[in-house]
Each structure stands twice: as C-alpha cells, then as structure tokens.
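Here is a short tour to read alongside the sequence and the 3D view. Take your time with each stop along the way.

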Amino acid sequence: MNRKLKILTKGLDKKKARLRRVRIAVIAVLSLFIVLVAASFGVGEYLLQFALKRQDDFSTNLDPSAGNAETEDDRIVASNRESFREATNAWLEEVESESVAIESQEGLSLKGTLYHAQAESHNYAILIHGYRSVSSSNNDLAYVYCDKMNFNCLLPDMRACGESEGEYIGMGYLDSKDILGWIDLIDERDPSANILITGVSMGGATTMMTSGLELPASVKCFVEDCGYTSVWDIFEHELDFLFGLPPFPFLYTANALSSLQAGYGFKEANSLEALSRSTLPMLFIHGDKDTFVPFEMLDTLYAAKTEGRKEKLVVKGAGHAESYLRDPVTYFTTVYEFIDESFDIVLSE
C-alpha cells in the first residue's frame with residue numbers, strides 16, 4: 001500500500017513539475033510579447049515624432065544620394081543653382097507681393113505669399129513646397145512662372161511648416177484638403193481665375209492627391225515633380241535607409257499612432273488612389289538619379305492615371321528635386337508646352 005502511494009505521489013510530483021515548467025514558459029513568452037509590444041510602440045512613437053512632428057530646426061539628411069563624390073551632374077546643378085539665385089533675388093526686389101492667409105478645416109492659420117504678375121493676368125499657379133521645407137524654397141520656380149509666363153503665383157507654407165500653424169506634417173494628404181482652401185481664396189479674389197497646381201517632392205504628392213478631389217472649374221492643370229506613390233511606401237523606404245529596420249512591426253505601430261495623433265494613416269495618404277480618380281491634365285517629372293523618392297515610382301504613378309491628358313519628363317542626371325536645376329531649358333520648355341494647352345500664356349523675354 002505504501003509502495004502504491006509512493007508511486008502515485010511521485011507521479012503527482014512529476015505532473016506538478018511539468019505544470020510549473022509550462023507556467024514558467026507561458027510567463028516567459030507573455031513577458032517577451034509584452035516587451036516586444038512595448039518596444040514596438042516605443043519605436044513607433046519615436047518614428048512618428050521623428051517623421052511628422054513639427055521640427056522647425058530639422059536638419060537630418062534624408063537623401064541617400066547626398067554626400068556622394070561630386071560628379072559632373074553635381075557641378076551643373078550647383079552652377080545653375082547660383083544662376084537662379086541671382087536672377088530670383090533680382091526678381092524678388094521688383095515683384096509686387098502680399099501676405100495671404102486662410103484657415104484650415106481644423107481651424108489652423110495657414111500663411112502664404114502671393115506674387116503678382118507684371119501684366120494683368122487671370123492665370124494663377126499654386127506652388128507647393130516639399131517635406132519640412134517652406135514656401136520660399138519655390139521662389140526659383142515662382143520667378144519663372146511669374147516673370148516669364150505671367151502667372152500670379154501663390155506660395156503657401158504647408159501646415160506645420162514655415163509660418164503656418166500645425167503640430168503634424170500632412171504629407172500631402174491633409175495638405176490636399178488645405179489646397180482647396182487656397183483655391184477658394186483665389187476664386188473669391190478673381191472669379192475669372194485659371195489655376196495651375198504644381199509641387200515638388202511632398203508638394204508633388206500633394207498635387208497628385210489634390211487631383212483626385214472634387215475641384216472647381218477654375219483648376220485647369222497639374223504639374224507634379226518627384227512625388228511619391230504613398231506615405232507608407234516612402235516611409236518604408238526611409239525606415240530601411242535611416243535605421244535599417246523592417247516595416248513589421250515598427251511601421252505598423254507608427255501608422256496606427258499616426259491615425260490617432262496626426263489624423264491620417266500612411267496608406268490612406270496615397271497618390272496612386274487619388275490618380276485613379278484624376279481627370280485633368282497632368283505632367284509627371286522625375287530625375288533618373290533620385291534615390292530619396294525612388295525613380296522607379298514614376299512609372300507606377302504615371303500608369304495609375306488612366307483618364308485625362310498626361311505626359312512624363314525624365315531628367316537625366318537629376319537627383320531629388322533637382323530636375324529644373326540639372327536641365328532648366330528642357331524642364332521649363334516641357335512645362336510650358338504642356339500647360340499651354342490649358343492656359344492662354346503670354347511669354348516675356
């Protein structure tokens with residue numbers, strides 16, 4: 001009897017030992033899961049703040065091509081940049097300008113500058129700047145559109161940039177809704193206005209996302225320069241370049257946090273989806289040496305627009321946002337010939 005009891009007791013002890021090992025394993029797995037989830041949300045929150053939180057002193061290099069050895073293309077860009085700087089500064093001293101402002105749907109005060117064409121004109125160009133930039137970064141382009149093509153040029157500071165209010169950058173998605181407000185401002189001031197919308201980088205994405213919205217008849221044409229397919233795509237690209245991290249789980253948690261804090265998700269901010277609804281003419285421009293917004297995105301974007309007139313310009317040797325600097329003659333000749341079908345343009349010398 002005692003022997004049987006010992007055997008039974010021994011069996012119970014083994015069972016208890018197995019249960020203890022199982023509990024320890026479960027606790028270890030749960031602890032590891034909690035740590036990973038916490039780390040994922042911690043990294044996701046950091047990425048969200050790094051990428052979208054307003055930082056007026058932001059200076060981190062986001063272009064993988066920057067820092068390469070100087071090439072002939074670099075020297076051409078640098079020379080043309082200096083030429084534009086001189087011409088643009090001279091123009092800025094003479095052009096009539098005024099500060100303008102609108103209020104976003106959320107009540108943010110958004111600021112901009114309106115440059116007036118020298119001759120009377122009902123043509124307007126809204127020039128949209130890039131990521132973490134300011135409206136004045138488009139002054140060279142405004143000089144050409146205003147001084148050479150006689151467009152009135154509106155250069156807004158996007159939300160969370162420059163003089164405009166905002167806590168989080170809109171990455172084109174929220175900005176496209178803000179552009180509707182700038183269109184309304186032009187239409188109220190000039191009921192005969194004909195409007196071109198054009199942007200570079202994030203401004204190019206804003207241009208494409210705006211093209212998919214319901215627009216007034218005053219909007220005639222779009223020119224996008226090196227915009228991205230979606231915020232998810234460009235952040236996935238930069239996550240690998242800057243941090244060497246995979247999209248899962250970090251980009252997924254950053255995306256969820258963005259929906260809660262910034263008011264939109266990365267996949268929601270999608271140029272391709274907007275282009276599928278776009279019907280007005282659009283010119284697509286991209287430099288074939290662009291590594292920040294990968295050059296391969298150009299063909300994907302171009303194919304996504306299935307209605308309306310469209311053309312694309314590939315600028316050889318141009319890095320990110322450098323196309324007009326690498327080959328200004330081809331750039332502006334192509335732009336003029338494309339938009340001339342939608343506007344009555346009088347060129348100046």
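This is a predicted model: local features need pLDDT of at least 70, side-chain atom pairs count only at pLDDT 80 or more; totals for chains, interfaces and linings use all residues.

## Strand E4 and its partners

Let's begin with Thr113, which stands opposite Leu155 in E4. The chain crosses from E3 to E4 through helix H3 (residues 139–148), and this β-α-β crossover is right-handed; right-handed here means that, with the strands pointing away from the viewer, the path from the first strand over the helix to the second runs clockwise. Helices (H or I, at least four residues) and strands (E, at least two) are DSSP runs, numbered from the N terminus.

Strand E2 (residues 109–115) pairs with E4 in the antiparallel sense over four bridges, while strand E3 (residues 123–128) runs parallel to E4 and is joined to it by three bridges. Pairing requires that DSSP finds at least two bridges between two strands. Ala125 has Cys153 in E4 as its bridge partner.

Residues are numbered from 1 along each chain as its sequence is written, and side-chain values use heavy atoms, with hydrogens and water left out.

In a regular strand the side chains alternate between the two faces of the sheet. In E4 both faces are covered, with Asn152, Leu154 and Pro156 buried on one side and Cys153 and Leu155 buried on the other. Buried means under 20% relative accessible area, exposed over 50%, and partly exposed in between (1.4 Å probe, protein chains only). Five of the five residues of E4 are buried, so the strand is largely enclosed by the rest of the structure.

## Thr88 in helix H2

Thr88 sits in helix H2 (residues 72–94) and, at 3% relative accessibility, counts as buried. Its side chain makes a polar contact of 2.7 Å with that of Asp140; such a contact is a pair of N or O atoms within 3.5 Å, where within protein one must be able to donate a hydrogen and the other to accept it, and residues adjacent in sequence count only if both atoms are side-chain atoms. Leaving aside neighbours within four places in sequence, Thr88 is in contact (heavy atoms within 4.5 Å) with Asn139, Asp140 and Tyr143.

## Backbone details to look at

Met171 lies in the loop between E4 and helix H4 (173–189). Its phi is near 55°, a positive value in a residue other than glycine. Further along, a cis peptide bond with omega of about 5° joins Phe248 and Pro249.
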